Amino acid sequence: MTAEQIPGAAAASVPGAASAPGAAAASVPGAAPAAAQRVGEAPLLRIDGLSVDFHTDDGVVHAVTDVSLEVVAGEIVAIVGESGSGKTVTAMSVLRLLPKAAEVSADAIAFRGTDLRTLSGSELRKVRGGPVGMIFQDPMTALNPVMTIGAQVAEAVVLHQARSDKKAAWQRAVELLRLVGVPDPAERVKQYPHEFSGGMRQRAMIAMAIANDPDLIIADEPTTALDVTIQAQVLALLKKAQAETGAATILITHDLGIVAELADRVVVMYAGRVVETAGVGELFATPRHPYTKGLLASLPRMDVDVDQLDPIPGNPPNMADPPAGCAFHPRCPLARDKCLTDRPPLLAIGAGRTSACHFSEELA
Amino acid sequence: MTSLLKVEGLHKHFPIRRGVLRRQVGEIRAVDGVDLELETGETLSLVGESGCGKSTTGRLLVRLLEPTAGKILFEGADLATLSQRELRAKRQAIQIMFQDPYASLSPRMTVQEIVAEPLRVQGRYADAGADRVRELLELVGLRPEHSRRYAHEFSGGQRQRIGLARALALNPRLLVLDEPVSALDVSVQAQVINQLRGLQDRLGLAYVFISHNLSVVRHISHRVAVMYLGSIVEVGSRADIFTAPTHPYTQALLSAIPVPDPVGRDERDRITLAGDVPSPSNPPTGCRFRTRCWKAQDVCAQEAPPLIDRIGVGHPSACHFPEVPATVGGA
């Protein structure tokens with residue numbers, strides 16, 4: 001909806017502000033100058049007005065509500081939020097990887113201009129692992145335990161070839177594993193996932209994700225299951241893979257350290273909605289949503305000494321029964337009467353930034 | 001003066017059994033010669049990656065596991081040789097809180113029953129136990145009217161508070177905290193950390209804080225022991241470990257932590273370790289870290305470096321070539 005109103009909407013990184021149609025049209029174009037270099041460039045991925053509901057015994061859970069975001073070629077967009085914030089559900093809905101119980105609605109989920117929702121199952125399978133690569137959190141459950149690593153990587157290659165050449169695919173698997181830093185790849189392709197360590201399995205997953213020279217990589221908590229020294233290896237590899245393939249990346253994480261290390265742009269989610277978007281530098285320097293600000297203050301840091309951490313009070317909301325008005329109001333230091341009843345729309349608050357807070361000005 | 005806790009030469013080896021006869025074909029040296037000392041009111045953190053033996057050490061301290069060898073002296077008494085009866089009495093003073101707030105609380109007990117259980121086990125419930133439970137719930141920031149509810153009705157952070165109330169029921173002097181905030185969201189994690197610090201000040205508790213999260217460890221610890229493959233590679237005050245680490249593993253561990261500040265991210269010097277942690281069933285000879293160490297020489301394969309202060313920095317490290325780096329992390 002909104003995107004069409006703004007030519008080259010890549011500028012307003014989040015074309016959405018979709019929750020307040022009237023306000024959005026008025027305010028989002030204001031963000032345009034920020035990314036002037038991107039104007040005219042069609043976004044690689046455009047999600048517009050995405051909502052996902054789950055029907056559970058406790059009632060309908062609105063896991064994601066009215067999320068809009070854009071990813072342009074070559075950039076790393078981090079979606080950050082705590083458990084239950086809807087970050088994974090948002091990303092999984094792109095490739096229709098949600099369970100059947102999920103009820104997805106959206107105005108658009110367009111990849112390179114094609115609405116992915118119009119594709120048949122077999123057409124979508126050509127996209128998955130082809131132009132869009134996926135890296136999942138837990139490489140043990142994401143890999144097939146009864147297939148060798150080589151067979152799985154080769155399969156990812158073969159599935160996207162016009163003419164299947166198994167021998168060449170196997171060679172390519174070896175080459176890919178070498179590329180992602182698996183030592184002695186010619187031997188290790190013959191091994192099974194249980195013979196690989198966690199870090200090595202995640203490398204194999206990355207090899208599969210980049211096997212067909214993707215334009216977009218969706219990485220869902222790619223290092224959460226790994227130890228910190230292995231995480232550093234895998235993050236370095238992701239950075240390298242991204243630089244070499246030039247693929248845009250959606251990085252889903254709860255770790256603000258990883259966001260700060262890798263992301264170009266950040267989308268902060270809370271209770272199923274986008275609450276703030278900004279370039280990574282601005283987000284950390286001057287967060288403009290009290291939730292983002294609270295998250296940064298509650299983080300124990302290696303580089304800053306504080307006597308007391310400053311936690312966000314209370315707990316994340318129960319998504320089957322979220323608070324009225326702004327979902328963050330019960331935990332928010334800025335909350336006033338208005339917040340209890342009126343949900344703040346996601347509005348542009350300056351060059352390339354948006355915030356969904358009635359009082360975001362006070363944080364400027 | 002006797003320390004609150006003194007651990008000497010602690011070992012825990014798990015047998016590996018194979019075949020129908022369950023013959024022992026090897027052993028995993030989960031904890032392989034650990035010495036520790038802890039004073040009243042102090043927090044000692046055990047840090048390291050998965051498989052380094054930090055949780056096993058924690059379980060040995062409360063004798064949930066029997067040590068293969070070594071002494072655990074609590075207020076001068078050796079826990080490893082106490083009889084069951086004596087141990088039960090001593091154990092009141094040492095409690096443990098677990099990582100997983102979902103698995104560590106019985107789903108069939110109310111909060112009241114969970115927190116009262118240690119009191120009942122020690123035969124102390126009849127004597128004003130209900131009041132004590134109410135007091136404990138308030139102490140950890142839960143409302144007494146929550147006591148009739150079941151664990152599943154609470155969020156992760158609240159469940160960790162229930163676990164904490166249970167651990168505090170018997171007025172312990174030492175709490176072993178095994179990854180107490182790892183399962184929690186960042187915003188809630190900070191609440192629990194602040195609470196742990198507040199309780200330490202009020203009650204004079206000593207903590208053994210087991211964690212892989214060095215940012216949290218840096219915030220909460222007085223002293224830190226870094227473990228790798230079953231032994232301590234470096235131990236010292238918080239400042240020693242975070243500003244003047246001399247063991248290459250400590251240095252690599254610190255530099256691997258993503259810094260939540262995008263400014264200057266491309267200029268940061270990173271030590272990226274090659275390879276994985278070797279299997280504790282077949283550890284390298286000599287220094288166990290040598291297979292991933294950029295400083296390794298021949299001597300490292302032959303001789304295991306003892307945990308000593310070789311270069312006079314005021315804290316020991318188990319490396320043949322310890323060095324204070326130019327800059328590591330923050331103060």
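A:Arg301 counts as buried because 20 C-beta neighbours lie inside 10 Å; the cut-offs are 20 or more other C-beta atoms within 10 Å for buried, 12 or fewer for exposed, and partly exposed in between, with C-beta atoms placed from the backbone. The model is predicted: local features need pLDDT of at least 70 and side-chain atom pairs count only at pLDDT 80 or more, while totals for chains, interfaces and linings use all residues. Residues are numbered from 1 along each chain as its sequence is written, and chains are lettered from A and ligands numbered from 1 in the order in which they are written.

A:Arg301 sits in the loop that runs between helix H13 (290-297) and helix H14 (337-341) of chain A. Helices here are DSSP runs of H or I with at least four residues, strands are runs of E with at least two, and both are numbered from the N terminus. Leaving out residues up to four places away in sequence, A:Arg301 touches B:Ser215 and B:Pro260; contact requires C-beta atoms, placed from the backbone, within 7 Å. From A:Gly129, A:Arg301 is 172 residues away in sequence and 37 Å away in space, C-alpha to C-alpha.

Between the chains, 38 residues of chain A are in contact with 36 residues of chain B. On the chain B side, helix H6 (186-203), H7 and helix H9 (248-255) are the elements that give two or more residues. H6(B) provides the largest share, 7 residues. By type, this side of chain B has 17 nonpolar, 12 polar and 7 charged residues; Ala, Val, Leu, Ile, Met, Phe, Trp, Tyr, Cys and Pro count as nonpolar, Asp, Glu, Lys and Arg as charged, and the others, Gly among them, as polar.

Chain A is assigned a domain 1 (2-131 + 212-363) and a domain 2 (132-211); domain bounds come from an automatic or database assignment. In chain A, 27 residues of domain 1 are in contact with 21 residues of domain 2. Helix H4 (121-127), strand E8 (216-220) and helix H10 (228-245) of chain A each supply at least two residues on the domain 1 side, and H10(A) has the largest share with 7 residues. That side of domain 1 of chain A divides into 17 nonpolar, 6 polar and 4 charged residues.

Chain B is divided into domain 1 (3-221) and domain 2 (247-330). Their centres, taken over C-alpha atoms, are 29 Å apart. The contact draws 10 residues from domain 1 of chain B and 7 residues from domain 2 of chain B. Strand E2 (23-38) and helix H7 (214-220) of chain B each supply at least two residues of the domain 1 side, with E2(B) giving the most, 5 residues.

E2(B) also belongs to an open sheet of 4 strands in the order E2-E1-E4-E5 (chain B), with antiparallel pairing; strands pair if DSSP finds at least two bridges between them. E2 and strand E5 (77-78) of chain B are at the edges with a single partner strand each, so one side of each has no neighbour in the sheet. Strand E1 (residues 5-18) and strand E4 (residues 69-74) of chain B run antiparallel and are joined by 5 bridges. B:Lys6 stands opposite B:Leu73 in E4(B).

Note on methods:
Contact = placed C-beta atoms within 7 Å.
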